[in-house]
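Welcome! Take a look at the entry below, and then we can go through some questions about how its features get their labels.

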Amino acid sequence: MRKLILFTLIAFSVTFQAFSQGVLGKKAVVKVNLFNGFRMPLNDVQFEYALGKKFSITAGYSLLASNIRPEYRFDYAYNFLQTSSQATLKKYGYTDYEIGYLASQYLDYRAYDYDDAEVFSFPEKLNVQSSVWSIGLRSYKSSIFSAPYGRYFSLEYLRGKQKVTGNIQIPIPCVDDFVVGSYNSYYVKSQRKFKVTDREINTSSFQMNFGKQWVKFDVLTIDFSWGLVYSFTSATNKAQDGYIASILARNNGANFGSFPHTKWNTISSTIDYRKSALGMNIFLRVGYLLF
Amino acid sequence: MHTDSFQNKKSELQKVICINPTFRKFEDTDFDDEDYEFASKFKQLYNSSIEKYSKKNKLNYEVYSPYSEGEKLTSYYKDLLPLKSAILKSLNVQDNPMNEVESNTYKKEIIQKFVVPTMLPAELAELVGKYDTPYFSLVDIYTSNGKSYLFHVIVDLNLGRIEYQEIKGYSGLVKKSEMKMFVYDSFYLLDKFFKK
């Protein structure tokens, strides 16, 4: 909350000008996103208020349910190894020798060659329910007409949670006895299923968008924007959620690729399995000029 | 994009006679080829926008145009058309953004040699008594392929000079929504100026 107040104060001090009349005297717009939910557009709502002639602030909330069929790479399985306890590994049929060998190898991140990563696709869809808050600042280009009209550049910060339900299938990596010691010594032994219900994954993103907002019929606004998103996912539960966080990193509007930050934290002796991802997103919002 | 405005006197604005608000669209930047069909479509909407947004900003604007009826029509041709011509002439000798052309050396020389204050003929002061106000205005929009201009001028015939002038340039074609915003913003600004 303190951050929100500080952000608003900075935005006000930067943007206040004497000449600020909005579009036809109206400065506030409420918008719904059509791209994210044609079926349920009211679930993704954004509010925009013009602070000055060239700036506006936005605040939004989206509550979306989607079924995703993620692709996952072998590094997710690798992540599973890292985040699973010894008991869990034994449950999946690992021998003591394998656990010992993997423990000595997989904590050193360089041991895994990502170029050779295999890609698997999930046989079943996962249900993801996300609720995300956002706050942002927009800078409008036109100096003749007042915000919120014209071309703009926006910066947005999003934060929220994603609840995952469904059957997750993990390829279990194993050590090949014949090539022990080489970097490419893992192979997929078998695939195991386990069910997750309402598993919570934290997500936060930074968005940088370019767009244009039109005003039609005095009250209707059409807002089209596209840009880059950099998102982080992190799990609260350390058991298998790191693995789920890895999957969601690629399905959180970040379609260019994901970057694992999995590493051994020497201070807390735990594994940090935060994931980040980069992607491009497009929005088409239809709104109403309120006042 | 350009904004230019000035105001000579801060006083309360009484009734203003608005002389034939004009919306003109040109196909080229030399203002030769005019699109009358497009402009005629906008004409009614433009006039109604002026009336609507002037009222919204509590300004008393009374529109006289060739489309008026009865006495208004007669007085438009008899009194207001010569006044409009005089105002346009005084604007033409100004060094304002609308008069900018690619090679404006010749024009600048003329302005330097023959520049006159933006004074209006003294005999036009007779209109003050007839219309019960010294304030007369032009609110016109010119749009071409490259640029669009709005100019909003108010003259005070008691003093024979331009009292308020606003010129806005926009790099693009003015469509319905932009036209409305142009007009609204202009009256909003005018209201703010005269209420300070």
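Q: Where in chain A is confidence lowest, and where is it highest?
A: In this predicted model, strand S11 (residues 263-265) of chain A has the lowest confidence, at a mean of 51, and strand S1 (residues 28-33) of chain A has the highest, at 90. Chain A averages a pLDDT of 73, and 56% of the residues score at least 70.

Q: What does the model show over residues 109-115 of chain A?
A: There, pLDDT stays under 50, and the model has 10 contacts beyond four places in sequence for this stretch.

Q: How do you know that chain A touches chain B?
A: Residues are in contact when their C-beta atoms lie within 7 Å, and therefore 12 residues of chain A count as touching 10 residues of chain B. On the chain A side, these residues divide into six nonpolar, four polar and two charged.

Q: What makes the span of helix H1 of chain B close to the expected one?
A: Helix H1 (residues 36-56) of chain B has 21 residues and reaches 29 Å from its first C-alpha to its last, against the 30 Å expected at 1.5 Å a residue. H1(B) also bends, by about 35° at B:Lys43.

Terms used: Residues are numbered from 1 along each chain as its sequence is written. Chains are lettered from A and ligands numbered from 1 in the order in which they are written. This is a predicted model: local features need pLDDT of at least 70, side-chain atom pairs count only at pLDDT 80 or more; totals for chains, interfaces and linings use all residues. Two residues are in contact if their C-beta atoms, placed from the backbone, lie within 7 Å. Ala, Val, Leu, Ile, Met, Phe, Trp, Tyr, Cys and Pro count as nonpolar, Asp, Glu, Lys and Arg as charged, and the others, Gly among them, as polar. Helices (H or I, at least four residues) and strands (E, at least two) are DSSP runs, numbered from the N terminus. The expected span of a helix is 1.5 Å times one less than its number of residues. The bend at a residue is the angle between axes fitted to the seven residues ending there and the seven starting there. pLDDT is the predictor's confidence in each residue, from 0 to 100.
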